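Please open the structure in a viewer and keep the selection panel at hand.

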Amino acid sequence: MQRRDFVAQFLAGGALVGSSADGMTPHNAAPGKISGIALPGEVVIERPLRGQPHSGKVLAAIQPHADDIPFFAGGTVAKLVSEGYTGYLIRTSNDEKAGSGTPGETILSNEGDNDEVAKALGLRKVFNLGYRNHQLDGISREEMRERLIFLIRLLKVDTVVCYDPWSPYEENPDHYVTAQVTEAACWMAGMDKDYPEHVAAGLLPHSVQERYYFARGPQLVNRIVDITPWVDKKVEANLANKTQGGAGENGARLRSRLAAQKLRLPILGNDDDTANREYIKHFFLDLDSKHLRGVPSDRELGRQYGLEWAEAFHYIGPAESMLDRYVAEHAVPL
Ligand SMILES: [Zn+2]
């Protein structure tokens with residue numbers, strides 16, 4: 001099933017769009033069933049928040065390749081950072097096979113692009129794990145897991161944005177291995193008997209509380225994030241990927257190709273920089289999104305929820321303790 005159809009079915013299934021007064025209801029949105037249709041009340045629209053409500057919290061955007069977060073979650077990462085998160089970008093592969101030039105040149109230029117992605121999204125620092133591109137299914141998952149656990153403990157990561165580890169039809173081993181290893185690392189980082197040498201070195205166990213999972217294929221979507229105020233940041237992050245991907249400088253290339261045919265598209269403006277930005281916004285993220293990114297248009301998705309631009313996730317957050325609530329309501333003096 002194409003993702004566009006999946007979303008259509010999801011909507012046709014009658015799932016309700018939940019939204020709290022502050023638009024950010026923290027709840028455990030784990031699926032009641034694995035069917036592709038979230039239960040009524042389980043879809044939350046996450047709207048822009050005032051001020052810096054996430055101040056003091058730490059976000060890790062984890063991607064196999066320099067273009068993954070910009071493609072599918074750039075608006076949400078920019079939103080969370082602008083609302084107070086301290087953010088870090090972790091890239092697991094070396095991107096040696098994506099782009100022109102020799103493998104060495106490709107690695108170097110993608111590394112530079114990835115740094116620019118972090119800057120565009122307001123992320124503080126980049127960690128490159130450097131596993132070979134397209135070969136993550138051959139690595140030691142246990143080794144990568146320990147490296148991610150180390151970073152989660154070191155940085156005290158509260159929230160992760162990554163590929164969905166359980167999305168079917170994902171063909172790229174870098175994507176599903178990174179996602180599955182990340183998911184295990186998120187909870188294992190909080191266990192004090194895992195890698196006790198970390199604790200001896202001064203790191204404390206620290207588990208991840210919130211996960212935003214994005215996918216290229218069918219996914220149980222239970223959170224729609226309104227990225228309207230950050231869509232230009234998302235454009236900026238995609239502009240940064242000049243070496244690989246379907247965004248970068250393709251707008252200028254299209255403008256040049258049309259000019260050779262004595263043609264122009266008014267929507268692309270009158271210079272290369274404008275052409276690149278308008279191409280990303282109107283074609284890459286919207287009109288030709290399915291062809292260029294493999295997912296429905298951000299604008300079309302937003303429209304279905306009464307928003308201008310949106311991104312979709314399977315969100316998993318902390319479950320409220322019913323025991324704590326019960327004690328608070330029922331405990332009496334001895
Ligand atoms: Zn990728």
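**The whole protein**

Begin with everything displayed, bearing in mind that this is a predicted model. Colour by secondary structure: the protein comes to 12 helices and 9 strands. Of its 334 residues, 52% count as buried. Among contacts between residues at least 6 apart in sequence, 77% join residues at least 24 apart.

**The zinc ion**

Select the zinc ion next, together with H65, D68 and H175. For comparison, the ideal angle for four tetrahedral donors is 109.5 degrees. Are H65 and D68 buried or exposed? Both H65 and D68 are buried.

In total, the structure holds 2 cavities of 30 Å³ or more.

Now turn to the interior. In soluble globular proteins, nonpolar side chains tend to be buried together. The largest nonpolar core here has 74 residues, and V77, L123 and V161 are those with the most contacts inside it. Which helix gives the most to this core? It is helix α2, residues 68–82, with 8 residues.

Centre the view on V161 and display its surroundings. Setting aside residues up to four places away in sequence, V161 touches L59, A60, A61, I62, I69, A73, V77, Y212, F214 and F313. Another core, of 9 residues, lies apart from the largest one; select I45, V221, L301 and A310, which are among its members.

**Helix α7**

Select residues 231–240, which form helix α7. Because 7 of its 10 residues are buried, this helix is largely enclosed by the rest of the structure. The buried residues are V231, K234, V235, A237, N238, L239 and A240. To see what they pack against, display α2, α3 (103–121), α9 (272–287), α10 (289–293), α11 (298–304) and the strand β9 (310–316).

For the last stop, show helix α5, residues 173–188, and pick out V181 within it. V181 counts as buried because its relative accessibility is 4%, below the 20% limit. Beyond its neighbours within four places in sequence, V181 is in contact with R141, M144, R145 and L148. The C-alpha atoms of V181 and R145 are separated by 5.6 Å, although the two residues are 36 apart along the chain.

Finally, select E142, which is found in helix α4, residues 141–155. E142 has a relative accessible area of 37% and is therefore partly exposed. A distance drawn from the C-alpha atom of E142 to that of A184 gives 9.8 Å, for residues that are 42 apart in sequence.

Key
Residues are numbered from 1 along each chain as its sequence is written. This is a predicted model: local features need pLDDT of at least 70, side-chain atom pairs count only at pLDDT 80 or more; totals for chains, interfaces and linings use all residues. Side-chain values use heavy atoms; hydrogens and water are left out. Donors are N, O and S atoms within 2.8 Å of the metal (3.2 Å for Na, K and Ca); water is not among the atoms, so sites may look incomplete. Buried means under 20% relative accessible area, exposed over 50%, partly exposed in between (1.4 Å probe, protein chains only). A nonpolar core is a set of buried Ala, Val, Leu, Ile, Met, Phe, Trp, Tyr and Cys residues joined through side-chain atoms within 4.5 Å. Helices (H or I, at least four residues) and strands (E, at least two) are DSSP runs, numbered from the N terminus. Contact means heavy atoms within 4.5 Å. On a 1 Å grid over the protein atoms alone, a cavity is a set of points where a 1.4 Å probe fits but cannot get out, and a pocket is an open set with protein on both sides within 12 Å along at least five of seven lines; lining residues have an atom within 4 Å of a point. Grid points are joined across faces, edges and corners, and a volume is the space filled by probe spheres set on the points.
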